[in-house]
Amino acid sequence: MNPEDKIIDVKNLWVKYFTDGQEISAVNGISFSLFAGKTLGIVGETGAGKTTTALSIMQLLPKVSGKITDGEILFNNKDIVKASEADMRVIRGAMISMIFQDPMTSLNPVLTVGDQISEAIKLHMKLDKAGVEARVDEILELVGIPALRKNEYPHQFSGGMKQRVVIAIALACDPMLLLADEPTTALDVTIQSQILDMMDDLKKKLNTAIILITHDLGVVAEFCDYVAIMYAGEIVEMGTAEDIYESESHHPYTIGLFNSIPNLEVDTDRLNPIDGLMPDPAELPAGCKFHPRCPDCMEICKSEIPDEYEVSTGHKIKCHLFR
Ligand code: SF4
């Protein structure tokens, strides 16, 4: 693929929050890129910096407390870190859309689903009234909802159908990039799988690039072409889905994540969680940020930040074990 065709190219991104005299290091020098029609899964525990990464791409960090302190986010070859709010209003919704975790809170209870889908279409697409209506019908059918239900309100839809409506709103203007922040977490398992299948189908039809944020390695296995494992604001391992699921070489944190997934074929009384907690981003440990929890920790890990090592083409691991 031609590097020019990258939809998004994040380079050495640093994001901090400043609250109550504290400096919180939420994202610490991450880089990744994505082509049209491909999906990147960003995986990690709560507090890893996944959502901050998505909000940085949308330029929706809290105005007073959140700040991108270094790095570039090239979207369609333009650095949107430097974009004005007026430029971002054109990009957001039309070229980059975001699906949030909970469909119950993403929808307005007093507007029909048709009105909510048409809002973005009216704002970004130059269509007359009949054109807007036709686009609402088309996008509802695309996500598997009969168009005649467009005059109903969110409370008349089940949880899974509400999330389909949220996806319809996000896709209404044919975005080049879709950010999906835990889009199936609030849904039960069978509905999760239907929604993921539908997103996969839409990705192929519309050639949309998708960044899927999740803590669930199972969801990523089904859906993603590339995977980035995030810990304490850093990408500690990145590669193709095959690299993450089939390679023998892994960051100790990735191994910990895999070990904490319940295995239905093994009879066990207890799950195997990673010891300890994610560090406080206001007081990150020196050296490797995973060292207080790492079963393989060496002396060097406590003082020196590991470099990123390419263990096979495109499969990168940030750990002293791979020096
Ligand atoms: Fe563990 Fe050291 Fe690797 Fe960090 S650098 S993950 S502490 S072995």
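Modeller: A residue is near a molecule if one of its heavy atoms lies within 4 Å of it. The model is predicted, and local features need pLDDT of at least 70. Residues are numbered from 1 along each chain.

Biologist: Which residues are around the ligand?

Modeller: Among them are His251, Cys288, His291, Cys294, Cys301, Cys319 and His320, together with Asp296.

Biologist: What makes the shell around the ligand divide into nonpolar, polar and charged residues?

Modeller: Ala, Val, Leu, Ile, Met, Phe, Trp, Tyr, Cys and Pro count as nonpolar, Asp, Glu, Lys and Arg as charged, and the others, Gly among them, as polar. The shell therefore holds 8 nonpolar, 3 polar and 1 charged.

Biologist: Why is helix 4 called oblique to helix 5?

Modeller: The axes of helix 4 (residues 113-124) and helix 5 (residues 129-142) cross at roughly 120 degrees. Angles under 35 degrees count as roughly parallel, over 145 as roughly antiparallel, 65 to 115 as roughly perpendicular and the rest as oblique, so helix 4 is oblique to helix 5.

Biologist: Why are helix 6 and helix 7 called roughly parallel?

Modeller: Helix 6 (residues 159-171) and helix 7 (residues 189-206) pack at about 20 degrees, and they are therefore roughly parallel to each other.

Notes: Predicted model: local features only at pLDDT ≥ 70, side-chain atom pairs only at ≥ 80, totals over all residues. Heavy atoms only, no water. Axes fitted to C-alpha atoms, helices over the stretch in contact; angles between N-to-C directions. Helix = DSSP H or I, 4+ residues; strand = E, 2+ residues; numbered from the N terminus.
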